Structures are given as structure tokens and as C-alpha cells.
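Visitor: I would like a close look at one part of this model and at what surrounds it. Please keep to the geometry.

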Amino acid sequence: MDVPALIARQLKALPDKPGVYLWKDAAGEILYVGKAKSLRSRVPNYFGPEAESTPERAALVRQIADLETIVVVSEGQALLLENNFIKEH
């Protein structure tokens, strides 16, 4: 699966730190909220070999146009922040 140029640049800049990531569509709407122990390790997996592992995952990846990340101090904070974003969106 081809990675859009904007996403490819964002993936290269990800820190090896815990945080929350928000996949967005072209209109800026949040498609998915996730957390990671290491943003650098977790987030690029969406465009790896498993990108089309399920129809749901393939549909999500096709809609992704932007990525927002929020770096936090600990994995626990990432979990809480993810939970708050899920409730809000």
C-alpha cells in the first residue's frame, strides 16, 4: 500500500516516546484514536504488511490523510488521554 507523502514525512519524524495518535481523513475528521508505548514503533504499522489484514483495517488506511500525535510522559498518561479522546469523539 502506498503511503501518502505527508504521512510518510510524519512517520519519519515520530519520537520513540509514549503518546496518543489520531488518524484523520481529508476533511480533518478523526477516524481513529490510539495509544502507543512508542509512537515510532506503533504508528507506522498501519502501513506495513498488515495494512490490509482485515477489510476494516484496509478501509481505515485508505481514508487516512493526516496524523496528529500527542507525546506524553508515560504509557499510563497515554492510556488516560486515549480514553478521554475516545469519549469525546
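What is the relative accessible area of Glu68, and is this residue buried, partly exposed or exposed?

Guide: In this predicted model, Glu68 has a relative accessible area of 31%, so it counts as partly exposed. Glu68 makes a salt bridge with Lys24, and the closest N and O atoms are 2.6 Å apart. Glu68 belongs to strand E3 (residues 66–71) and Lys24 to strand E1 (residues 19–24), so the contact ties together parts 44 residues apart in sequence. The structure holds 1 salt bridge.

Strand E2 (residues 30–36) runs antiparallel to E1, and 6 bridges join the two. They form a hairpin with 5 residues between the strands, and Gly28 in the turn has a positive phi of about 85 degrees. Across this pairing, Val20 stands opposite Lys35 in E2.

Glu82 is located in helix H4 (residues 75–88). Glu82 is buried but has no salt bridge; Lys35, the nearest side chain of opposite charge, is 4.6 Å away. A salt bridge requires the nitrogen and the carboxyl oxygen to be within 4 Å.

The model has 6 aromatic pairs. One of them joins Tyr21 and Tyr32 in a tilted arrangement, with 6.3 Å from centre to centre and 35 degrees between the planes. Tyr21 is in E1 and Tyr32 in E2, 11 residues apart, and the pair links distant parts of the chain. Tyr21 is buried at a relative accessible area of 1%, whereas Tyr32 is partly exposed at 34%.

Tyr21 also pairs edge-to-face with Tyr46, at 5.7 Å between centres and 70 degrees between planes. Tyr46 sits in the loop between helix H2 (39–42) and helix H3 (55–63), so its pairing with Tyr21 in E1 ties together parts 25 residues apart in sequence. Tyr46 is buried, with a relative accessible area of 2%. Arg57 lies over the face of Tyr46, 4.5 Å from the ring centre. Tyr21, Tyr32 and Tyr46 belong to one aromatic cluster that also includes Trp23 and Phe47.

Methods: Residues are numbered from 1 along each chain as its sequence is written. This is a predicted model: local features need pLDDT of at least 70, side-chain atom pairs count only at pLDDT 80 or more; totals for chains, interfaces and linings use all residues. Side-chain values use heavy atoms; hydrogens and water are left out. Helices (H or I, at least four residues) and strands (E, at least two) are DSSP runs, numbered from the N terminus. Buried means under 20% relative accessible area, exposed over 50%, partly exposed in between (1.4 Å probe, protein chains only). Lys and Arg count as positive and Asp and Glu as negative; His and the chain ends are not counted. Two strands pair if DSSP finds at least two bridges between them. Rings of Phe, Tyr and Trp (its six-membered ring) pair if their centres lie within 6.5 Å; planes under 30 degrees apart count as stacked, over 60 as edge-to-face and the rest as tilted. A charge sits over a ring if NZ of Lys or CZ of Arg is within 6 Å of the ring centre and within 35 degrees of the ring normal.
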